[in-house]
Amino acid sequence: MTTRFGGYMGRMLKIDLTTREVSEYPISDEQRELYLGGKVLAARILADLITGPLDPFGPENVIVVTTGPLTGTGAPMASRFNVSSISPLTGLLASSNCGGSFGLHLKKAGCDGLVITGRADAPVWVEIAEDGVRFHDASDLWGMTTGETQAALPPRTGKLVIGPAGENRVRYAGLVSDDRMAARAGIGAVFGAKNLKALVAHGRKVVPVARQEQVRSRIKGWAQELRAHPITGNQLPRLGTAGLLAGMHARRMLATRNFSRGQFERFDAVSGETLAEAHLIRNGGCTGCPVHCGREVSLPEEGAGAGAAEAECAGAGAPRATGSGQKAGPKGRRVKGPELETIVLLGPNLENADLPAIIRWNHLLDELGMDSISTGGTIAFAMELNEKGLWENGLRFGEVQDLPRLFEDIAHRRGIGDLLAEGSRRLAERFGGMGFAMQVKGLELPAYEPRAAVGQGLGYAVSNRGGCHLNAGYLAVLEGLGLEMDPQTPRAKAALTMLMQDLMEAISAAGNCLFSSYDVFPAALLNRPNGLLARAVNRLLPWVGGPVALILWLRWMPIHLPGLPLTHALEAVTGMKMDLGRLKLIGERGYNLERLVNTRLGVTAADDDLPERLKSVEQVPGDPRTRVPLAPMKRQYYRLRGWTPDGVPTPALLRRLRIQREVGAW
Amino acid sequence: MVTVRLFGTLRLDAGRRQVEVDAATVAEALEKTAAALGLPGAGPLLQAAVFVNGERAGLRTPLKAGDVLYLLSPAAGG
């Protein structure tokens with residue numbers, strides 16, 4: 001099927017692993033305009049194919065791999081591809097995003113995406129090429145780590161592979177492409193259940209674009225903007241995502257000891273600054289990205305502990321400097337360094353300040369193909385269960401020397417690893433402690449302690465994917481990490497959450513990295529946090545709920561935002577008419593489609609919830625504002641979304657979004 | 001004497017983790033920190049969000065001996 005739009009190869013393939021039949025999955029140009037690509041298009045496809053609750057490990061589950069129209073066009077921060085399926089961790093629709101080169105190669109093979117059904121009778125890897133799809137025996141790859149698997153597959157191709165965790169159906173197993181991971185929600189285990197070890201794509205096709213000259217100039221200007229901005233041009237390249245950690249500690253937003261606190265005394269031993277000073281060899285990152293927020297570090301040897309870095313935190317005398325910032329040097333194997341989420345969930349949240357160990361564990365978890373957020377969150381919960389005498393498992397906060405063996409045990413489902421492989425919600429159902437199982441809808445929470453950012457808490461609760469900071473709308477950026485609106489007030493948080501969720505959904509659908517959107521925050525605002533303008537904006541933000549709600553209701557924003565060149569770039573690449581309102585509408589359509597699929601899978605308003613600890617226990621004893629006031633924010637959020645009090649999108653909304661006609665059964 | 005701890009790109013630029021200065025206000029602490037770091041003025045430090053003993057502070061916030069300041073450079077998401 002061809003398309004009149006640029007940015008698309010015009011072909012989506014359906015692969016049935018049971019019968020080995022390959023056919024074209026029809027996508028119309030009208031659907032491309034409505035859903036764009038990525039996770040939004042995937043939600044539409046799953047809405048068509050998933051008719052009710054199912055076994056995520058059964059052959060009836062569907063994996064949808066999608067690219068965005070910007071993927072492979074050379075647009076900055078646009079190498080992303082998406083993998084969606086029904087999650088074995090949540091039982092709901094999950095989408096997982098990745099910046100490895102698989103998406104680019106898939107488009108070079110002439111393919112915008114894949115719809116994978118059935119189950120192979122023996123391990124296979126599937127090759128997608130310009131001239132067709134081939135199935136290969138993967139029995140010799142089965143049991144290999146993700147690195148070994150990628151090395152054994154043909155060179156100069158795009159690969160998407162699972163490791164032992166996926167093979168053994170660890171409910172939070174992820175997928176690896178190059179050294180990037182689509183980590184969350186366990187789609188690696190769905191691959192494993194389907195006996196699908198790897199996807200490999202290659203070809204020489206070029207992604208067509210609608211207006212070549214415009215694309216060239218837009219891309220050039222966009223890259224320049226990114227390099228000039230204090231976040232994408234300075235903070236992220238120099239400190240990586242872990243550059244946030246110190247600020248999270250300062251604002252009591254740093255998940256510590258299974259989210260019982262928001263601060264970690266030894267935070268600087270695991271900060272992005274220490275990572276840069278002591279371990280960074282050079283920047284790394286996603287395919288073709290000019291920001292390169294990823295870290296390349298040397299793999300520390302066993303026994304290279306945190307002592308040196310921690311010792312530097314002490315100091316006296318005036319005025320004088322302490323801390324040499326000496327690098328350990330590029331000794332040993334060069335590996336991908338840990339991201340913020342990994343550091344927090346395996347560091348402060350376990351009361352662990354050993355950064356070299358976290359670097360080693362990060363590499364090990366990538367090799368096993370396992371999500372470090374859910375791994376860390378589940379282990380923290382198990383530690384607290386042990387501490388409270390609910391499950392004697394030998395795990396204790398701060399005693400982490402045996403964790404590598406535990407990771408292996410989880411990946412291979414050995415001993416207590418078999419139970420931990422089920423995730424924290426299932427552990428709570430077995431041993432109790434649901435009130436401090438730090439998950440939403442079964443997905444473990446990421447690094448941000450929401451009692452110090454209550455809008456982030458609302459986002460966690462209503463997120464379609466479950467406990468995810470990005471699908472949540474990421475209000476922490478407005479509540480302290482970028483801007484500094486009152487983090488404790490519920491005012492305006494529902495409207496801002498919806499706006500951010502929809503925009504992030506659409507940016508993802510385009511094939512773009514969410515970090516590209518940080519440029520909407522003017523440098524003048526970020527660079528002068530103590531200045532008049534910043535203080536005025538921060539004061540004003542809790543009062544913008546009404547105007548934002550009106551804009552959300554009108555769905556009409558015929559503008560291009562300075563700092564968000566994505567809308568111009570989409571016009572140039574695809575030839576579609578695009579502006580901020582249209583982009584936001586695509587995101588809103590996606591968010592509601594995901595919600596509809598989840599409703600079909602049994603989700604209700606009761607699932608839009610937070611662990612009791614976050615709602616009832618004051619983070620700062622005696623300060624009732626340091627709890628998440630979820631109920632009023634949630635009610636307002638449902639109203640703004642156009643959902644019923646039970647959290648179901650109304651027919652009027654579906655008509656307005658043109659979803660109902662598209663998904664006829666609804 | 002107050003302790004000024006540097007974070008973010010400020011720290012990478014300074015090549016130091018912390019300095020100790022005598023200061024009665026945050027603004028004075030920034031001036032003296034800039035001098036200790038060899039900067040011509042406090043300009044770059046004005047980009048920092050300042051925390052005093054864990055609380056967000058302004059430039060006129062008074063200081064007392066033993067206070068600990070965090071200077072955080074602009075950040076966003078991860």
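User: What counts as a polar contact here, and at what distance does one join the side chains of A:Arg32 and A:Asp29?
Analyst: A polar contact is a pair of N or O atoms within 3.5 Å; within protein, one atom must be able to donate a hydrogen and the other to accept it. This is a predicted model. The side chains of A:Arg32 and A:Asp29 make such a contact, at 2.8 Å.

User: Is A:Arg32 buried or exposed?
Analyst: A:Arg32 sits in helix H1 of chain A, residues 29-35. Buried means under 20% relative accessible area. A:Arg32 has 3%, so the residue is buried.

User: Which residues beyond four places in sequence are in contact with A:Arg32?
Analyst: Contact means heavy atoms within 4.5 Å. Neighbours within four places in sequence are left aside. The partners of A:Arg32 are then A:Thr2, A:Thr3, A:Phe5, A:Tyr8, A:Gly10, A:Arg11, A:Ile27, A:Asp112 and A:Met576.

User: Why does A:Arg595 count as buried?
Analyst: A:Arg595 belongs to helix H24 of chain A. The cut-off for buried is under 20% relative accessible area. A:Arg595 counts as buried because its relative accessibility is 1%.

User: Which side chain is joined to that of A:Arg595 by a polar contact of 2.9 Å?
Analyst: The side chain of A:Arg595 reaches the backbone oxygen of A:Gly647 at 2.9 Å. That contact ends on backbone, while the question asks for a side chain. The side-chain partner at 2.9 Å is A:Asp608.

User: How many Å separate the C-alpha atoms of A:Arg595 and A:Val207?
Analyst: A:Arg595 and A:Val207 are 388 residues apart along the chain. Their C-alpha separation is 32 Å.

User: Which element gives the largest share of the lining of the largest pocket?
Analyst: The largest pocket has a volume of about 940 Å³ and is lined by 37 residues. The largest share, six residues, comes from H19(A).

User: How many residues in the lining of the largest pocket are nonpolar?
Analyst: Nearest the centre of the largest pocket lie A:Leu499, A:Leu503, A:Val520, A:Phe521 and A:Leu561. The lining also has three polar and three charged residues. The nonpolar count is 31.

User: Which strand gives two or more residues to the lining of the second largest pocket?
Analyst: The second largest pocket holds about 700 Å³ of space. Closest to its centre, out of 25 lining residues, are A:Glu484, A:Arg535, A:Asn538, B:Arg56 and B:Ala57. H21 of chain A gives two or more residues, as does a strand of chain B: S4 (55-57).

User: How many charged residues are in the lining of the second largest pocket?
Analyst: Domain 2 and domain 3 of chain A each give at least three residues to this lining. By class, nine lining residues are nonpolar and six are polar. The charged ones number ten.

User: Which residues lie closest to the centre of the second largest cavity?
Analyst: There are four cavities of 30 Å³ or more. Of its 20 lining residues, the closest to the centre are A:Arg251, A:Leu481, B:Ser73, B:Pro74 and B:Ala75.

User: What distance separates the centres of domain 1 and domain 2 of chain A?
Analyst: Domain 1 spans 12-201, and domain 2 spans 211-237 + 449-666. Between them, 42 residues of domain 1 are in contact with 41 of domain 2. Taken over C-alpha atoms, their centres are separated by 26 Å.

Terms used:
Residues numbered from 1 in each chain as written. Chains lettered and ligands numbered in written order. Predicted model: local features only at pLDDT ≥ 70, side-chain atom pairs only at ≥ 80, totals over all residues. Heavy atoms only, no water. 1 Å grid on protein atoms, 1.4 Å probe; cavity = no way out; pocket = protein on both sides within 12 Å on 5 of 7 lines; lining within 4 Å. Points joined across faces, edges and corners; volume = space filled by probe spheres on them. Helix = DSSP H or I, 4+ residues; strand = E, 2+ residues; numbered from the N terminus. Nonpolar A, V, L, I, M, F, W, Y, C, P; charged D, E, K, R; others polar. Domains from an automatic or database assignment. Buried < 20%, exposed > 50% of the residue type's maximum accessible area, 1.4 Å probe, protein only.
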